[in-house]
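Subject: The structure for you to look through

Hello,

Here is the structure I promised to pass on, and below it you will find my notes on what I found. Please open it beside this message, so that you can follow each part as you read.

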Amino acid sequence: MPEEKTPNGKNGKSAGLVERLKAGVKEDLESLKTELPAKAKEQVEILKKPTKTQVYTSIFRHKHDDTPRNRALGVLSNVFLHLHPAKINRDAVRYSYTWGMGGITFYLFIVLTLTGVMLMFYYHPSKVQAFRDVLYLEHDVPFGKLLRNMHRWAAHLMVIAVELHMFRVFLTGSYKKPREFNWNVGVILLVLTLLLSFTGYLLPDDQLGFWAVTVGTNMARATPLLGHEGPFGQQLGMTPYNDVRFGLLGGSIVDANALLRSYIWHCIGIPIIASIFMVLHFWRVRKDGGISGPAPVVLDSEVKEAKK
Amino acid sequence: MPEKPIPENDPVVSKSLAPHYVISMVILMATFFWAMWDEDFGQRPWKAFQHEWKDRYSTFLKSARSQSGDAQKEVEANPDYQKLKQDYDSASQNAAPRIQELREKLRDLAARILAVQDGTNHFTDRRAYVTAATYAIETETSSSSKQRMQRNLEEYKAKPSTVEMPDGKLQTFKNFGELEEAYNELKNERTQFSAELGELIKPVNEKKELMDSFLTDHMVSLTPSQLTNLQNGVEVWTPKIRQINVNEHNADIVREDSSQIVDRCESCHMGIREPVKLTAAAMSLPGKKPDVYARAFTSHPEPDLLKIHDPDKFGCTPCHQGNGRATTSVEKAHGNYEHWLWPVFPRANFEAGCQVCHSADMVVVTNDVGWVVSEGKDLFRQRGCVGCHRFEGYDKEPEDLLSVAQQIKQLDQEKKDNFKQAGDLMKQADKAESNEEANRLNDRAVALKVTNSKLDLRIVQLDRSTKSLLEDMKKVGPNLKDIRLKLNKNWIPVWLKKPSDFRATTKMPNFRLSDDQIKAISAFIWQSALKDSLHKHKLGNAAHGKELFESRGCLACHSIGEGDQLQGGTFAANLTRVGEKANYDYLVRWVHNARERTRPYCPLEKKDIGPEDYKKKGLPYVFDLEHSRCPNDGHELQVQNMTVMPSLRLSPQDAEDVASYLITLKKQDPSSYADASFMDDPNLKDEGKKWVRHFGCAGCHEISGLEEEGRIGTELTIEGSKPIERLDFALFTEIAQRGGVEPITDPEDLARLPEGPAKQPWYDQKGFFEHKLAEPNIWDKGKDKPETEKLRMPNLHLTKDQIRALTTFLLGSQENPLPPNYQYRPLDYRRDIQEGWWVVKKYNCMGCHQLIPGQKTSLMGMARYKDAQEQLPPKLLTEGARVDPEWLQRFLKNPSLSATDTNRNGVRSYLQVRMPTFSFSENELGKLVRFFQALSRQPFPYIPEEVPVLTAKETEMARSLFSSTAAPCLKCHATGDPAHDRFATAPNFLQARGRLKPDWMERWMLDPQAIAPGTSMPSGLFKRDNGHWVFSGPTPASFQGYDKDHTKLLVDYILQLTPEEQRRVGAAMGRSSAGSGSSSGSKSSGNGGRGAPE
Amino acid sequence: MKTKTSMAVWSLAALVGFVFLAGCGKKEEEQPAGAPTAAPAAAATPIDPATAASISGTVKLDGEAPKAAKIDMSQDPACKGTNTAENVVASGGHLANVFVYVKEGLGNRTFDVPKVPITLDQSGCKYHPHVMGVVANQTIKIVNSDPTTHNIHPTPKDNREWNESQPPQAAALEKTFAREEIMLPVKCNQHPWMRMFVNVTKNPFFAVTGPDGKFEIKGLPPGDYTIAFVQEKLGEQDVKVTLAAKDSKTVDATFKP
Amino acid sequence: MDWKQLWEILSAPDNVPIIAMIPLLAFYIYLAWKQAHANDVLIEQLAGDAALAKTHHRKAWPFKPGWAKEVHVWPFLLRIEFLAAIIVTIILMVWSITLNAPLEEPANPNLTMNPAKAPWYFLGLQEMLVYFDPWIAGVVMPTLIIFGLMVIPYIDTNPLGAGYYTWKQRKFAIGTFLFGFIILWVSMIFIGTFIRGPGWQWFWPGQTWDHNRLIYEVNRDLPDLFGITSNWGKGIFGAAVVGGFFAIGGMLVHAFFRRHNAKDFKRMSLLQYSIMMTFFLTMIGLPIKMLLRLLFHIKYVWITPWFNV
């Protein structure tokens, strides 16, 4: 209850109350003098060790001393790092074995996501605006040109990295039992990467993208059974207006609908699908016993033939 | 690896990556900084421009200021300025003491107001309490507390307040009311003093303004203080993008969804809109040649154009093109890179930008001459490009004819339907159940009948426009149906071989025909031509013919002589060798009336109608503009030769004389041409027709059987925006892209290239057009093609300048990337101007008349007129303001202004050169009249103002002035008296009425030189006296005390002048033979004006 | 540690070098877009009267002088004067009204504009003089001594055209021509026979031959000159002459009809 | 030699990745070969020395007893991963600063680009369009590629070479894969980018891409060479040739495989073996068809009213 300070109050309280009030205030002042400095000293002590604060410990679950335990915890307790096991084959850290291509691919995917999100701020997938937006991005947006360049080149780099990754995986026989399924996931991811890049090609709505996509999708015309120029397509009633290409483009030519479809596949559809497969891919890497090697060589003579 | 020794420590665990990290981090940081630097400078080269600009412009302004200072001193020395300055000085001195006093008072008041307002117990605080309390009372619901609060407020208000005044004294106000009153009074006082101060300062300031504006008005360049302001602006300039966002400034032109125009050109071209003239030389570093900066910093060379096209509203790129947004490099900004569709127009062709929006204008700039793009547009028609290439706006009569025919068909159908429906309705009405119903139905039937009458009238109208269109339809080349009558047969193959060998300036291009083709073509046209016979004429007087030829104005269009000797206009053929090719009898007919046709052509039957067709219907074989219906089907006939050549209304005798003269013009005898009897070989006819068709001869010539041939070339309306990939450089594609090699080797053609042999890459529209125009078959070079597939475009033997003009025109002919509102398609008087120029150019009006100040006519430069400028055709600079449009229409229709005596000029009978009869169609007549009215911004239709009837005294006064020796009117103006008119160099006054507009006449008398520069009529006849215009010579005595404008009096007098009056005056002037001119006097009055009393 | 730092420095240097390489854009060769402003005109150099030379001579007409045409002045009763045309005025083989001036040889010299105006009189419906010389920007005072109105209408090539009327007894008109022009025709539209020629020159060294065909030009500084003789009908003849100090040379010219 | 043309193609921004890919691929093949060789040497050594085989750590890398068999991810792996991320970032930034992403004219359906090329990674397929009908090149082949890749783990029954580089233990698998990846994929991309010019014509590097070039080339169908005219005849003949290729080729491959990969052959089920054979023969078929076209101008082998091969 707040004290009523009415110096010229007309309805004064009883004298006892005033006395009590006075005593109370004195006491409070007294406590301020003694207790506050003590608390201040305490606070300084706490702040001297920031790693002991509640805020710190709530974030970092373990100590940072260079002990094997902490090394392991550093990985395990981190959502980003716990894709890795705590310990791995001593030779697996060698670059010459893995080429780091899987990691680089993933890193490029992240870079592409970030730059892509920023590009989306400036881009409208419509025939009227798309090309103009790219011009705007190049000429008006601070770092816009750099942003677009990075997105474009990272996309190309990612395709290269994915292909090299596959190359390496094959050469080290890493698809062999028990990793057969993960190889398949990888193949799907390769296809998705190509599709991601391909759908992005059209978005600037320039001649390059337009004709690349036209050439690309013209092949769909010839899909057997489903394309109007494909084997048995016409026999099945396929026309330019109902075949698989029409479905891909949302029209019989590369136009506004194709642009929109391309955009949605590029920005939402394929990234989500790819993310799901990536999660699967990484999960299976761990579940299938980490990366395949470098394993000790096996001699032909040591192979035990499985019973048929 | 096995060979290497195994290290002691486990390399996987012990190897340090620190150096790797250090290096890569350093590089990473460097990359980041590089990105920053690139973003800030690498991508922003304009910053360097702006720094440079700051230095150079500042230096320039400094030197400009010192020059301007001298100029200012000169102006300041002017006594008028001195007087203004004195006025200002004395006024400011007079007002100074009181101003000082008032300023002090105001300062004091301000302090006191502040004290009352903000001092202890200040007013503002108390007022806030009062208003808050008042609000609380107003919103209080309980009446008791309302009363209580009211009391409290009263108490509060009653409290006194003491204020410490600025002088330290304490002043007590008894209550709030008193305080408020005092405060308000102080404020009132302040307002009063401020107002007084304002009143006092105003006249002083006005004088100062007068002084300053005198200075700015009398200085050609900017004043030093203006320059100082500019310099201050430059010095505090920090580099930033300068851009024009057209949408911001011009929401009504640019719609939301249309392309946004954002032009940043001024980020480098900083000087474009500076109010001083900046040349590249002035912006160069001292002693250096203009560099890239100096050239970028010049001010716009045509500031007047910027006034019409305010850059804030138009931006830069709509005219110049380029990539207005780009700022990363000069090439990008100018759009000079592979993937920009609208690169900046080249320096030599910058006027292409006009064409982009002004494609509907024949003359782009109405107040200037020598515009390259206008010349290009003109050439496109003159040289017959339209014959093969469609271009929106050119020669659209055939298309219009088609659409008119279609409309008529539609209306006919509508009429039929209406008729049927009306019948139905009436039938229904007869059987209707109620009278109301019957009446309603009948009314509808009646309405339909009325509608049908309207439709009928509309059809009549359309028929007339068909006639107009047939009249308007012209061909660039002569009618080849007449060649049997017209030409020396043996001359034809020689001509076809290479027309420019016979006549260097001819419009007929060189088709590079082989001998076989020539044989076939000449055989076909010879055999398909008409075989009618011509009226035979005797040879006339060639000497007289020569005189007529040179004086009647033939040379306004035709030229004569070759090379240096060439004189006359370039609009029509050079006649130096006409005697070698032409048939005398045909020439006579042609000179007499070029439009006279051998046989009329029926577009419906698609054949030439002969006497036999007329005979069948029992009609006389007469066809002219009045008798233009087909005897077979009543359809409109083509009754004229489709030439723009007018009739000079020569007498038959004169026509024979002129023709006799022309037939003497030759270099070799007609009989010396090699025999060409193969032209009668019927076997060649079909082959010939094939080639005639192939080369599109019918585009420019009327040829039997090929009247309805279409154009064989590509449409060029939007040729300028054709993607470069669509322009076939054939085997020279790579060469053009890389530059350096010039494919044209023919020295004549090489000399046509405006920029000379290619040095840079020329793989662009400009390069294509220029090469194509210089040597049209250049893309066939090195190719092996059959004759029929070779490029057909003939060599037009153009000059460099002509090619530049045509290229400019084509470059600008684009599918407009701009919003449609940018197109110059006005609907008001400017549209009349736009349409009029097409007609004016079509008939080469400017060969004789000056329509734009400074424009040269063909006749002007000729020796004949050097000492006799008054013999030149009149200048038409203010024609619309000068003449009554109705009169003008009559005049244009028949310039002789007489139905019988046509062998003369209707207005300026003293001129040797003659205004010809062009037989304008109704359509073109209307366009021309509206054009002249619009050019002078005259209201249309024109309602003549009432001319006040002069009193007898006024008439007497006017007459005395008019006839005084001091007033020279009749010395030059014709009267109709042949003896007097021998010396006349000006029109008869009797023609003024009904022809001239009084306002214009008055203006003309005052300063004719300002209306028609160089006219014989002198300026300075009147002077300003007491606010009136009075005659500047000695005035007759009767003018004593007359206080109105003498000019006005004269105008009214002239407009009421009768032939008798004129004769009387003439006689009074003591002219030897003034009385004998009655016959011609009455003649002219009969044609001169609307019902001029005899 | 040292190696690490140096490595870092080297890589940085390499990077900077790369930046420079990338930044080395090609600058266009600068082209001249027009010569810089012309040298300022030399101030009027005084001519030393001590060394001044002079030229004199006679202009002859070689052949029969065409008979002067009669002018029909009946058009204006107020015109009463000698009614012979003045195209070629010659007597005894001496050609009058030939304009003689220094065409070339004075270089960049400039001369003050004479303050004294030159008078052009109109009397008897003729101009007096028929041929006159004037320095550019020198005032020409035009007087009308006739009882009739004239108008003065110069039709120049390189100067501004004007046409003003001058009633009898009107105040004199004062006009100037700013640019050099030889045989600039002036006429009166009301009296078509009235013609005269003004010669606007940059220097004051000119003369008009009198009825005896004589002329004299004084005060010329020594030098090489081209002297031009101009007759309105018979055209121009140029004579080259070299003058030493205080020379007085005779230059004659002969025109053929 | 048209250096300008060459430079124009090489420096086109979208071709830069391919240029980058070629040395990159060469480097990685070298890296893989080096390790495979080392391992092969080691395997040979161990196969010949049973004692050593028992004690050896069985890797080509050095190892000493006492060294940890496993190391902590943090920091030993992560530090490399971070380093890789930094280097990739640098490469990407420098690339992005120095080279602009292409942006051409606004799309114009009326103006066909010549040559109109698909994105570079699909150029292999576009190149296939020359040799096959679109339905094969554009639809069947990608599907086959994807499925072919996916079945690899299931038909490769060789248990050796899992987790280490080797050549000798997996000659057939690696050889086939290299053939598919390098010859059929990468080199096709290379051809599509650098060799194919206007009109998709074959231009040797350094030859000017002349838009007007015309080449006389008559492509015949195989049945025509044998004078077969009837539709049925063509269909049957083509089917016979294609079938014959698979039968004879299958026999040859079988003879080879049975001898040189006896163990694998033994391990494989019939299904595995037949799938392997189908894909292998199809792969072999591609260059044969290409050579038929390039050298003998043979367009189709098998003609039916519905499809042509």
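**A helix of chain D**

In H2(D), the buried residues are Pro17(D), Ile18(D), Met21(D), Ala32(D), Gln35(D), Ala36(D), Asn39(D), Leu42(D), Ile43(D) and Leu46(D). Please keep in mind, here and in everything that follows, that this is a predicted model. The helix itself covers residues 16-48 of chain D, and its 33 residues reach 48 Å from the first C-alpha to the last, which is close to the 48 Å expected at 1.5 Å a residue. What do the buried residues of H2(D) pack against? Their partners come from two chains, namely H4 and H7 of chain A, together with helix H3 (50-55) and helix H8 (171-195) of chain D.

**Where chains A and D meet**

That packing leads on to the interface between these two chains, in which 90 residues of chain A are in contact with 83 residues of chain D. The side of chain A that touches chain D draws two or more residues from each of several elements, including helix H5 (101-120), helix H6 (130-139) and helix H7 (144-171) of chain A, and the largest share, 16 residues, comes from H7(A). Sorted by class, this side of chain A has 54 nonpolar, 21 polar and 15 charged residues. Among the 5 pairs of chains in contact, chains A and D share the most contacts, whereas no contact joins chain A and chain C, whose closest C-alpha atoms lie 16 Å apart.

**The strands of chain C**

Chain C has 1 helix and 19 strands, and of its 257 residues, 31% count as buried. If you take the contacts in chain C between residues at least 6 apart in sequence, 66% of them join residues at least 24 apart. One group to find is an open sheet of 4 strands with mixed pairing, in the order E6-E5-E8-E11 (chain C). Its edge strands, each of which pairs on one side only, are strand E6 (126-128) and strand E11 (173-175) of chain C, and neighbouring strands of the sheet are turned by 25 degrees against each other on average, with direction ignored. Strand E5 (residues 118-123) and strand E8 (residues 140-144) of chain C pair in the parallel sense over 5 bridges, and here Thr119(C) stands opposite Lys141(C) in E8(C).

**Chain B, and one leucine in it**

The domain assignment of chain B gives six entries, domain 1 to domain 6, among them domain 2 (345-390 + 718-824) and domain 3 (397-472). The centres of domain 2 and domain 3 of chain B, taken over C-alpha atoms, are separated by 49 Å.

Leu462(B) is found in helix H19 (residues 435-472) of chain B. Is Leu462(B) buried or partly exposed? Leu462(B) counts as partly exposed because 16 other C-beta atoms lie within 10 Å. Leaving aside neighbours within four places in sequence, Leu462(B) is in contact with Val404(B), Gln407(B) and Ile408(B). Ile408(B) is 54 residues from Leu462(B) in sequence, yet in space the two are 7.0 Å apart, C-alpha to C-alpha.

Best wishes

Key
Residues are numbered from 1 along each chain as its sequence is written. Chains are lettered from A and ligands numbered from 1 in the order in which they are written. This is a predicted model: local features need pLDDT of at least 70, side-chain atom pairs count only at pLDDT 80 or more; totals for chains, interfaces and linings use all residues. Two residues are in contact if their C-beta atoms, placed from the backbone, lie within 7 Å. Ala, Val, Leu, Ile, Met, Phe, Trp, Tyr, Cys and Pro count as nonpolar, Asp, Glu, Lys and Arg as charged, and the others, Gly among them, as polar. Domain bounds come from an automatic or database domain assignment. Two strands pair if DSSP finds at least two bridges between them. Axes are lines fitted to C-alpha atoms, for helices over the stretch in contact, and angles run from 0 to 180 degrees between N-to-C directions. The expected span of a helix is 1.5 Å times one less than its number of residues. A residue is buried if 20 or more other C-beta atoms lie within 10 Å of its own, exposed if 12 or fewer, and partly exposed in between; C-beta atoms are placed from the backbone.
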